[in-house]
Amino acid sequence: MADNEFQVEAIGEVYAQALINEAQKQNALAEVTQDVRGIGTILQSNAIFAAFAEALTIGEEERLAALDKIFQGRIHPLTLQTLRSISRRDRFMFLRGFVEGFEEILKKM
């Protein structure tokens, strides 16, 4: 596995594990799982969203505003909070790794 792929997976899994842990505490894992799977579907089926996720030239405020516009009221607040956290830390290009990591952790559970 290439170093870059490992980094994407490792960073994605950190956020995925944190989201799973918090979702379990809030008894919201089923809803959050549905959200993350939906985000994965969007990444695979919508080239514009995939480009948005991977773009390094989009500023933090612009990306946060877009996330709110796209997802607020449509996904669990915890899921949106996690997306915003990933974005604020300039890690949004790892969104695909986050989705994949989430699924891997669920399989192990």
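Contact means heavy atoms within 4.5 Å. This is a predicted model, where local features need pLDDT of at least 70, side-chain atom pairs count only at pLDDT 80 or more, and totals for chains, interfaces and linings use all residues. Residues are numbered from 1 along each chain as its sequence is written, and side-chain values use heavy atoms, with hydrogens and water left out.

**View 1. Phe102 and its neighbours.** Leaving out residues up to four places away in sequence, Phe102 touches Ala16, Leu19, Ile20, Leu29, Val32, Thr33 and Val36.

**View 2. Helix H6.** Helices are DSSP runs (H or I, at least four residues), numbered from the N terminus. The expected span of a helix is 1.5 Å times one less than its number of residues. For the 14 residues of H6 that gives 20 Å, and the end C-alpha atoms are 20 Å apart, so the two agree. Buried residues (under 20% relative accessible area, 1.4 Å probe, protein chains only) in H6 include Leu95, Phe98, Phe102 and Ile105.

**View 3. Thr79 in helix H5.** Is Thr79 buried or exposed (over 50% relative accessible area)? Thr79 is buried, because its relative accessible area is 1%. Its side chain joins that of Asp35 in a polar contact of 2.8 Å. Such a contact is a pair of N or O atoms within 3.5 Å; within protein, one must be able to donate a hydrogen and the other to accept it, and residues adjacent in sequence count only if both atoms are side-chain atoms.

**View 4. Helices H3 and H4.** Phe49, Phe52 and Ala53 of H3 meet Arg63, Ala66, Leu67, Ile70 and Phe71 of H4.

Note on methods. Helices (H or I, at least four residues) and strands (E, at least two) are DSSP runs, numbered from the N terminus.
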